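My entries are below, in the order in which I made them.

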Amino acid sequence: MNTIFRKSMLSVAGLAFAGGVFAGPIAAHANPVDAKPAAVAVQSAPKPQGDQSHISLNDEQTANAKAIIAATKKAGLPERAGVISIATSLQESKLENLGHLGDMNDHDSLGLFQQRPSSGWGTPEQITDPAYSTTAFLKGLRQVDGWQDMPLTQAAQTVQVSAYPDAYAQWEQQATDLVAQHWNS
């Protein structure tokens, strides 16, 4: 028997023994006849990933967050869609409805979501309308299979196709808080 094979078999046997030692006492006391299913906590929203950022909002930014929530509700989508939308807007524009920024502009990106007329998001007038731009974002989100269960940053990135795909995650907690605060108001 070669040495590598023998050591592999001993390792497997050792793991099986260790598993039996730890599980054995628990399994020995289990009574399958009286066993009842354990209660399982259902988490309604995933825990935010990574370090979180937060900014103080002025009245205009708060109004834009409320406009995103209203458009999400009008589209018949759940709170999670509002969280993804607000986090996306926090990353793209800090919830400011940006017009053309001249030399500081990223191509022809405009509005709350930095959508581009040249990419088919709409006209400049449409993209700078919070209700329209949110509806356009949500239309893209609906086309992402499984968006409800995927990490926020993955859902947002699939719609936005950003050069910084992981940046959306940092806003998840603030977006969650804003939706919780304003969803029913």
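**Entry 1, confidence.** I noted to begin with that this is a predicted model, in which local features need pLDDT of at least 70 and side-chain atom pairs count only at pLDDT 80 or more, while totals for chains, interfaces and linings use all residues. Residues are numbered from 1 along each chain as its sequence is written, and side-chain values use heavy atoms, with hydrogens and water left out. I looked up pLDDT, the predictor's confidence in each residue, from 0 to 100, and found that the protein averages 80, with 71% of the residues scoring at least 70. Helices here are DSSP runs (H or I, at least four residues), numbered from the N terminus. Confidence is lowest in helix H1 (residues 3-29), at a mean of 41, and highest in H2, at 98. Over residues 1-44 pLDDT stays under 50, and for this stretch the model has three contacts (heavy atoms within 4.5 Å) beyond four places in sequence. I remind myself that where pLDDT is low, the predicted coordinates should not be read in detail.

I then turned to helix H2 (residues 59-74), which packs with H3 at an angle of about 145°, their axes 9 Å apart; the axes are lines fitted to C-alpha atoms over the stretch in contact, and angles run from 0 to 180 degrees between N-to-C directions. The contact is made by Ala 65, Ile 68, Ile 69 and Thr 72 of H2, together with Ala 81, Gly 82, Ser 85, Ile 86 and Ser 89 of H3.

Is Ser 89 buried or exposed? Ser 89 counts as buried because its relative accessibility is 0%, where buried means under 20% relative accessible area with a 1.4 Å probe, protein chains only. Leaving aside neighbours within four places in sequence, Ser 89 is in contact with Ile 68, Lys 94, Leu 95, Leu 112 and Phe 113.

Leaving aside neighbours within four places in sequence, I found Leu 141 in contact with Ala 81, Ile 84, Trp 147, Ala 155 and Val 159.

Notes
Helices (H or I, at least four residues) and strands (E, at least two) are DSSP runs, numbered from the N terminus. Buried means under 20% relative accessible area, exposed over 50%, partly exposed in between (1.4 Å probe, protein chains only).
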